[in-house]
Amino acid sequence: MTDEDFVENSTRKWLKEKGWIISQKKFHGIDIHAKHNNGCQYFIECKGETKSPNVSYNESFGQIISVMRHKSNTNYYGLAFPDIKRYRELFDKKLPDQIR
């Protein structure tokens, strides 16, 4: 199973490779806070593979929505999941195209 630490570390690595700076600032419900030199910032919740992917998938949206406090053109919110068939199916089935 791909655990949450692996997903978080992989996401951090990918962001760093793309020029993002990983903040040490902690936010409730957020695993990664990353800033870019263009002024944008990402708030990302990470999830690992679980025995109940539907529950994990649904919980992650609640967690990320709970931190969306300020409307801003420079704040982006994201979810990071393992790249496995079950999560891809959930995203394809449940996630509207306009918010992908």
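Is Glu89 buried, partly exposed or exposed, and at what relative accessibility? Glu89 is partly exposed, at 35% relative accessibility, where buried means under 20% relative accessible area, exposed over 50%, and partly exposed in between (1.4 Å probe, protein chains only).

**Figure 1. Overall view of the predicted protein chain.** This is a predicted model, in which local features need pLDDT of at least 70, side-chain atom pairs count only at pLDDT 80 or more, and totals for chains, interfaces and linings use all residues. Residues are numbered from 1 along each chain as its sequence is written, and side-chain values use heavy atoms, with hydrogens and water left out. The protein chain contains three helices and four strands; helices (H or I, at least four residues) and strands (E, at least two) are DSSP runs, numbered from the N terminus. Along the sequence, these elements follow the order α-β-β-β-α-β-α. Of the 100 residues in the protein chain, 36% are buried. The C-alpha atoms occupy a box of roughly 35 × 25 × 25 Å along the principal axes.

**Figure 2. Confidence along the protein chain.** The mean pLDDT (the predictor's confidence in each residue, from 0 to 100) is 90 for the protein chain, and 97% of its residues reach 70 or more. Strand β1 (residues 21-22) has the highest confidence, at 97, whereas α3 has the lowest, at a mean of 87.

**Figure 3. Close-up of the salt bridge between Arg12 and Glu8.** A salt bridge is a side-chain nitrogen of Lys or Arg within 4 Å of a carboxyl oxygen of Asp or Glu, and the structure holds five of them. In the pair shown here, the N to O distance is 2.8 Å. Both residues belong to helix α1 (residues 4-17), where they stand four residues apart, about one turn of the helix. Arg12 and Glu8 are both buried.

**Figure 4. Close-up of the salt bridge between Arg88 and Asp83.** The closest N and O atoms of this pair are 2.7 Å apart. Arg88 is partly exposed, with a relative accessible area of 41%, while Asp83 is exposed, at 64% relative accessibility.

**Figure 5. Close-up of the salt-bridge network of Lys85, Arg86 and Glu89.** Glu89 and Arg86 are separated by about one helical turn because they lie three residues apart in helix α3 (residues 85-94). Arg86 is partly exposed, with a relative accessible area of 34%.
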